Amino acid sequence: MYGRRSQPGASPRRPLSIPPAVQALLIQCLALLMTLVLAFLVLPLWQVQANVAMAVLLQGGIAGALTRWRRLAPWWLLIQCLFPAALVLVLSFGLPSWIFLSAFGLLLILYWSTFRTQVPYYPSSPAVWHEVERLLPADRPPRFIDIGSGFGGLTMHLARCRPDGDYAGIELAPLPWLASLVRARLNGSRARFLRGDYADLDFGDYDVIFAYLSPAAMPALVAKAQAEMKPGCLLLSHEFAIPGVEPQLVLHPGGGGDALFGWYR
Ligand SMILES: C[S@@+](CC[C@H](N)C(=O)[O-])C[C@H]1O[C@@H](n2cnc3c(N)ncnc32)[C@H](O)[C@@H]1O
C-alpha cells in the first residue's frame with residue numbers, strides 16, 4: 001500500500017505494554033512506599049526526624065528517578081517530581097471533597113480512556129475542516145468518517161458543505177460523543193455520531209478517513225488502514241505522520257501551522 005521509508009535503528013522506549021499513565025501511578029505508589037520506609041525506618045537510625053517538606057522532596061525525587069529509569073516521555077519527569085508538592089499544596093487549601101470528585105468525574109467523561117489510547121481531546125481548526133472539504137471526492141457522494149470525532153465540528157461542517165455524502169464520527173469518550181449527538185440534532189445536521197472504538201469499524205466502508213490522534217496511535221492506525229482500506233480511499237492525519245511511511249499529500253491548512261498528511265490506497 002504505502003511506500004515504507006528505511007527505519008533508523010531506534011529501540012523501543014517502553015518495552016512494557018503498560019500505558020505510561022498507569023506506569024506513572026505505580027511509580028508514585030512505589031515512591032510513597034520507599035519514602036515511608038526511609039522516613040520511619042532508615043532516617044531514625046541517624047536520629048533524623050522526617051517532616052512533610054522532607055517527605056515531599058524524597059517522594060518527588062524518588063518518583064523522578066524511577067520515571068527516568070522507566071524512560072517515560074520527558075513531560076512525565078516534571079509531573080512526577082512535582083506531584084507530591086502539588087498534592088500537599090492543594091490539600092492545604094482545605095477544599096471540600098466534592099470539588100475533587102466533581103473534577104474527577106468531568107475529566108473522566110471528557111478524556112475517558114486517554115490513559116490507554118494516549119490520545120487526548122483537542123479540536124482541529126476550521127482551516128483544517130476547509131482543507132478536508134477540498135479533498136472529498138468530487139465525482140461521487142463521499143463516505144467520510146472522523147475516527148475520534150470529539151465534539152463533531154469537522155463532521156457537521158462537511159455534512160453542511162457537501163450534503164450529497166454520508167458523514168460519520170466515532171468517539172470513545174462519553175461527553176464529546178453526547179455533545180456531538182445533541183449538536184447534530186439541534187442543528188438538523190445529517191452527520192451521524194457513533195460511540196465506540198474506531199478499531200471496531202471496517203475502513204473498507206469509507207472513501208475518506210480523517211484522524212487527529214497522537215504519535216502513539218499511529219502504528220495501530222496504519223496497520224488497520226493497510227489491512228482494510230479499499231483502492232481509491234484516502235487516509236488523512238492531522239499533525240501526526242505515520243512513522244516510516246512517506247505521505248503522498250502534505251498540506252498546511254490556512255497557509256501555516258500543523259500539517260495535514262494524506263495517503264491514498
Ligand atoms: C485530538 S481529538 C480530535 C477531535 C476531532 N477529530 C477534531 O478534529 O476536532 C482526538 C479524539 O479521539 C478520541 N479517540 C481516541 N482514541 C479513539 C479510538 N480508538 N476510537 C474512537 N475515538 C478515539 C479521543 O477521545 C479524542 O476525543
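In the predicted model, helix 1 (residues 20-42) packs against helix 2 (residues 52-69) at an angle of about 135°. The two axes lie 8 Å apart. Helix 1 and helix 2 are therefore oblique to each other, since angles over 145 degrees would be needed for a roughly antiparallel pair. Their crossing is right-handed. On the helix 1 side, the contact is made by Ile-27, Gln-28, Leu-30, Ala-31, Leu-32, Met-34, Thr-35, Leu-38 and Ala-39. Helix 2 contributes Ala-55, Leu-58, Gln-59, Ile-62, Ala-63, Leu-66 and Thr-67. By class, this contact of helix 1 with helix 2 has twelve nonpolar and four polar residues. Charged residues are absent from it.

A second helix pair was examined in the same terms: the angle between the axes and the distance between them. Helix 6 spans residues 126-135, and helix 7 spans residues 153-161. Their axes come within 10 Å and cross at roughly 45°. Helix 6 and helix 7 are therefore oblique to each other. The crossing of helix 6 and helix 7 is right-handed. Trp-129, Val-132 and Glu-133 represent helix 6 in the contact. They meet Gly-153, Leu-154, His-157, Leu-158 and Cys-161 of helix 7. By class, five residues of this contact are nonpolar, two are polar and one is charged.

Overall, the chain has nine helices and seven strands. Its radius of gyration is 23 Å, well over the 18 Å that the globule rule gives for 265 residues, so the chain is more spread out than a compact globule. Along the principal axes, the C-alpha atoms fill a box of roughly 80 × 50 × 35 Å.

Key:
Residues numbered from 1 in each chain as written. Predicted model: local features only at pLDDT ≥ 70, side-chain atom pairs only at ≥ 80, totals over all residues. Axes fitted to C-alpha atoms, helices over the stretch in contact; angles between N-to-C directions. Helix = DSSP H or I, 4+ residues; strand = E, 2+ residues; numbered from the N terminus. Parallel < 35°, antiparallel > 145°, perpendicular 65-115°, else oblique. Left-handed = near helix turned anticlockwise from the far one by under 90°. Contact = placed C-beta atoms within 7 Å. Nonpolar A, V, L, I, M, F, W, Y, C, P; charged D, E, K, R; others polar. Rg over C-alpha atoms; globule rule 2.2 N^0.38 Å.
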